[in-house]
Amino acid sequence: MTNDMIGPTPSNVCVVDWVPEEGIYPIIDGMVCHGGAGTLIAGMTNAVPMVVIPFGNDQPTNAKRIQAMGNGIAVLKPETDDILEAFNAVLTDQRTRKAANDIADEIARLPDYAAAADALVNTAQAGPLLNQQT
């Protein structure tokens, strides 16, 4: 296969413009991403080890945090060999896989959004500041 932007690719590589993320996470072993918050949360929720190549904004900080948590590798100055080495590492390193699973388990134990919102409302209503006059 040849892609106009990246050139020839191996037969086991599929280049597409876009895929719905929720459908891809259950079938992948690892991912390479830019480090946007939404992509990182989805990857962490689905226990996907990742290589993060940030472009700007909060992405460099996000990439460093993923690496510090152990569920991925930050590639801050990407070269092709660095990306390939990092991706092979996240696919084969059992510590990275365990960290990804541990983080996904922790996220799964969090209360859902409705419960969190209810807890915030209950806390605000119970607080002494709500009934005070200024």
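These legends walk through several close-up views of a predicted model. In this predicted model, local features need pLDDT of at least 70 and side-chain atom pairs count only at pLDDT 80 or more, while totals for chains, interfaces and linings use all residues. Residues are numbered from 1 along each chain as its sequence is written, and side-chain values use heavy atoms, leaving out hydrogens and water.

**View 1. The open sheet has 3 strands in the order β3-β4-β5, with parallel pairing.** Strands (E, at least two residues) and helices (H or I, at least four residues) are DSSP runs, numbered from the N terminus. Two strands pair if DSSP finds at least two bridges between them. At the edges sit β3 and β5, each pairing on one side only. Neighbouring strands here are turned by 15 degrees against each other on average, direction ignored; the axes behind this angle are lines fitted to C-alpha atoms, for helices over the stretch in contact, and angles run from 0 to 180 degrees between N-to-C directions. Look at β3 and β4: they pair in the parallel sense over 3 bridges. Val32 stands opposite Val51 in β4.

**View 2. The largest nonpolar core has 13 residues.** A nonpolar core is a set of buried Ala, Val, Leu, Ile, Met, Phe, Trp, Tyr and Cys residues joined through side-chain atoms within 4.5 Å. Buried means under 20% relative accessible area, exposed over 50%, and partly exposed in between (1.4 Å probe, protein chains only). Which members touch the most others? They are Met31, Leu40, Met50, Val52 and Ile66. At least two residues come from each of β3 (31-33), α2 (37-45), β4 and α3, and α2 gives the largest share, 3 residues. A second, separate core of 5 residues includes Val51, Ile53, Ala86 and Val90. In soluble globular proteins, nonpolar side chains tend to be buried together.

**View 3. Asn71 lies in the loop between α3 (59-69) and β5 (72-74).** Is Asn71 buried or exposed? With a relative accessible area of 1%, Asn71 is buried. Contact means heavy atoms within 4.5 Å. Leaving aside residues up to four places away in sequence, Asn71 touches several residues, among them Met44, Pro49, Met50 and Ile103.
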